[in-house]
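I opened this entry to look up how the chain is packed. My notes follow in the order I took them.

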Amino acid sequence: MRPLSRNVLAALEPRELELGLDMGSSHMLRHWRYGRDGQGVAWLLFDRMGASVNTIDEEVLNELADVLRLLLPENPAGIVIRSAKRAGFCAGADVSRFAGQIDPNEAERVLLQGHMVLDAISELAIPTVAVIHGHCLGGGLELALACRTRIAVDGSKFGFPEVLLGLHPGLGGTVRSVGLISPVEAMTMMLTGKTVDTTRARAIGLVDVVTQERHVAAAIRDAVAGRIRPPAATLRARIERLPALRGLLANRMRAQARKRAPEAHYSAPYALIDLWEKFSDRPGAMRNEELRSFAALLASRTAQNLIRVFYLRENLRKMGEAGKPMTHVHVVGAGAMGGDIAAWCALKGLRVTLSDQKPEAIGGAIRRAEALYRKRHMKDVEVRDALDRLVADPRGHGVAQADLVIEAVPENLALKKALYETIEPRMKPSALLATNTSSISLRDLGEDLRNPGRLVGLHFFNPVPRMELVEVVAHEDIFDVTFSRARAFVRQIDKLPAPVASEPGFLVNRALMPYMAEALAMLAEGIAAPTIDAAAEAFGMPVGPVELADRVGLDICLAVADLLARKQATPPTPGLEKLRGKVARGELGMKTGKGFYGWNGDTPRKGRAGDPPADAADRLILPMLNACVACLREGVVAEESTVDAAMIFGAGFAPFTGGPMHYARTQGVEDIVRKLMELVRRHGPRFEPDEGWMSLNS
Ligand code: NAD
């Protein structure tokens, strides 16, 4: 056993007093503190050393075993497990331990130890109580499930996010969750990675009690005295556990999973469904299989790439760390983008004023905001508060008070410049002026400003509530403080800032353009639209290029294509004339109900996909990689990892590949260049490898 620091604390720290603990004296290891209260109940406080949130790893679990070995001989009346961190109970496994962890035998060994600790807790004869506040995710939820009773402080969140890393729970959580609640509910949580709140957790039986912090002590007394009985299995759960039904339910889950993540690229959901289908009536066997399956998944390229994506996201987050928070944002232009940007900022707690030359556009935006809030299942009072923060301001009075003015008027240089002339003099000297332009150079936009140093691009993607990325666009005259405050603002509203330079199309649109342009060339060759889209989707893109063009709007695609062709002297795309014809006829895609596809609302009417030519995926994907390399060479983006992150979070580039640059590195740069040369030979100079590949190779 590890030597103990028997450091008896004379007095408890204030945050523990706030937690309502009365442990008498307590002892501490590195990550756990423990003691007994006046009623003989043993308390285990999870307090991971040197971190603001609790995460679980081998050391944490080993220490937990040590604490149990020390406490159990003293015959406690019960055991309470609780977190000492303000942020919550536990955020899940320490993901850093997963990166590069590709020896399945080693992974199985670690997991087996973890299983033994949690099994020991679940087999104790005395009452065991997990008291949960804040987030309770992944391994943290597995730990809570090993306890007999779960008491949740109102506002807690529960989830199994492992699937987002290409994994499933690995500490017995698959077995315990399907045994406790409706198997379909449990599987849905594990298959989607979505979190549930306390109301839902109570309704599905994941927790036994939801209460306020001040009533926690009483709830613990009830649990230890055996006054909180676990609910009997619901009729629904009993039916779902019938062996005769399991195959049917499993197949339905597979069909659902296929819609979100094809098995060829993401095996975790299918491994989890197999596990449940084959073993859920034999918990012992399921536990062993869970462990084996987890270890195999962890070693897979998909999981390792998704773990990389987890860090890519963290890196983008860090890019928005320094900067004074904004309190008031003014948005000019209440159209598709401005309206949604304003709604999002109000949702995230900012005071927002919204102006437009057409008052009806503001009304429409506020109605859309309310629909968005309702769709996110916000409580009535939260909807009311968010709508209170979103103020219709047809005359633009907010410009004078705002810390940040975001311009989202139509894509027209003269229009935008004329607007700046009227708003810049009214802005606070310290306020930032941001433009949502997709293609106009910031240098051109800023040339008549009194203070171009405060101009920045904040390029949001459509639809704003769903797209996490915002390109934060710098230019020659920008002040450092403008750039860092703009990035911090993006973090403040829970989006991911990707710093880019003001070159046409920035990064994401510039890389997506050749993807869509090549689809035009394929259409011109007579390949059917659904066949082209299917080829891209089989590679792992979330939306095929033809459907994407229809969704973005063919007018916008044409404008960007023309702009890029003008500025970069790219060879003309075959099929561009077909696009021009459609735009001239007003067939603009989803928004007009007809583009390359006919549309029912936001669903395209696609026919059957045929067999694509053998090089179809390369034709669509490699030009995207080529554009990314050009952006790196030109300094539009500084780092390969930023390119990967921006393309995954802004364009949905197949996450299981780890991003376009990582994909190129994995495939081999020489191999990609060779394929591009082959495409040049077969289809023309538009596939010419960018010279940037040469420096990548070195
Ligand atoms: P939109 O046409 O839907 O909305 C523009 C709004 O601005 C309209 O409501 C219009 O009444 C208003 N407006 C026009 N002139 C004005 C003025 N002088 N003062 C106040 N309001 C005025 O346009 P959108 O699609 O929201 O695009 C806005 C900006 O966002 C453009 O620069 C566009 O390039 C960029 N953008 C668009 C998308 C997209 O997918 N639509 C994506 C990223 C960026």
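I started at M624 and left aside its neighbours within four places in sequence; M624 is in contact (heavy atoms within 4.5 Å) with A511, L512, Y515, M541, M647 and F653.

I noted what the model is: it is predicted, local features need pLDDT of at least 70, side-chain atom pairs count only at pLDDT 80 or more, and totals for chains, interfaces and linings use all residues. Residues are numbered from 1 along each chain as its sequence is written, and side-chain values use heavy atoms, with hydrogens and water left out.

Next I looked up nonpolar cores, meaning sets of buried Ala, Val, Leu, Ile, Met, Phe, Trp, Tyr and Cys residues joined through side-chain atoms within 4.5 Å. Buried is under 20% relative accessible area (1.4 Å probe, protein chains only). The largest core has 96 residues, and M624 is among those with the most contacts inside it, as are L469, Y515, L625, M647 and W693. Helix 25, residues 616-634, gives the most to this core, with 11 residues. I also found a second, separate core of 75 residues, which includes I121, L141, I273 and L298.

Then I turned to the whole chain. I counted 29 helices and 21 strands, taken as DSSP runs (helices H or I, at least four residues; strands E, at least two) numbered from the N terminus. Along its principal axes the C-alpha trace spans about 80 × 60 × 50 Å. Of the 698 residues, 55% are buried. Residues 24 or more positions apart account for 70% of the contacts with a separation of 6 or more.

Technical notes
Buried < 20%, exposed > 50% of the residue type's maximum accessible area, 1.4 Å probe, protein only.
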